[in-house]
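Here is a short tour of a protein model, written for someone who likes cut-offs stated plainly. Have the coordinates open as you read.

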Amino acid sequence: MNQRQQKTYDAIFETPIRADIKWSDIESLFLALGAEISEGRGSRVRVALKGRKAVFHRPHPGPTDKGEVKSVRRFLEEVEANEEN
């Protein structure tokens, strides 16, 4: 993971939840962590990472909203918890 991806990771876990994270940075982070990303219907994005799967909504122009950042955070927490077990 490079410095930019680490900053994105840190931003996802900041409190209060940020709404200025670019979706392309989140996708770059997923890829750096070893995720497989595939396109779903419309603006849906499927992510598979270390035995966990999730579907996210790629925002149309603009940054990711707080709800989507919260979903990404929850997904990463589940992946980390799954690794520990």
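Pro-63 is partly exposed, with a relative accessible area of 46%; buried means under 20% relative accessible area, exposed over 50%, and partly exposed in between, with a 1.4 Å probe and protein chains only. You will find Pro-63 in the loop between β3 (52–57) and α3. Helices (H or I, at least four residues) and strands (E, at least two) are DSSP runs, numbered from the N terminus.

Leaving aside neighbours within four places in sequence, Pro-63 is in contact with Ala-19, Asp-20 and Ile-21, where contact means heavy atoms within 4.5 Å. Pro-63 and Ala-19 are 44 residues apart in sequence, yet 6.6 Å apart in space from C-alpha to C-alpha.

## How to read the values

This is a predicted model: local features need pLDDT of at least 70, side-chain atom pairs count only at pLDDT 80 or more, and totals for chains, interfaces and linings use all residues. Residues are numbered from 1 along each chain as its sequence is written, and side-chain values use heavy atoms, with hydrogens and water left out.

## A buried serine

Now to the loop between β1 (36–39) and β2 (44–49), where Ser-43 lies. Ser-43 counts as buried because its relative accessibility is 11%. Not counting residues up to four places away in sequence, Ser-43 touches Phe-56, His-57, Arg-58 and His-60.

Helix α1 spans residues 3–12, and its buried residues are Gln-5, Thr-8, Tyr-9, Ala-11 and Ile-12. They sit on the same side of α1 because they cover an arc of only 165° around the axis, the arc being that of the directions from the helix axis to the C-beta atoms. On the other side of α1, Gln-3 and Lys-7 are exposed.

Part of the cover over the buried residues of α1 comes from α2 (23–32) and α3 (66–84). At the N-terminal end, Asn-2 caps α1, with a side-chain oxygen 3.1 Å from the backbone nitrogen of Arg-4.

## α2 against α3

How do α2 and α3 pack, in angle and in distance between axes? The angle is about 10° and the axes are 12 Å apart; axes are lines fitted to C-alpha atoms, for helices over the stretch in contact, and angles run from 0 to 180 degrees between N-to-C directions. The two helices are therefore roughly parallel to each other, a label for angles under 35 degrees.

In this contact, Trp-23, Ile-26, Leu-29 and Phe-30 of α2 meet Glu-68, Val-72, Phe-75 and Leu-76 of α3. The contact residues divide into seven nonpolar, no polar and one charged.

Methods: Polar contact = N/O pair within 3.5 Å; in protein donor to acceptor, adjacent residues only side chain to side chain. Parallel < 35°, antiparallel > 145°, perpendicular 65-115°, else oblique. Nonpolar A, V, L, I, M, F, W, Y, C, P; charged D, E, K, R; others polar.
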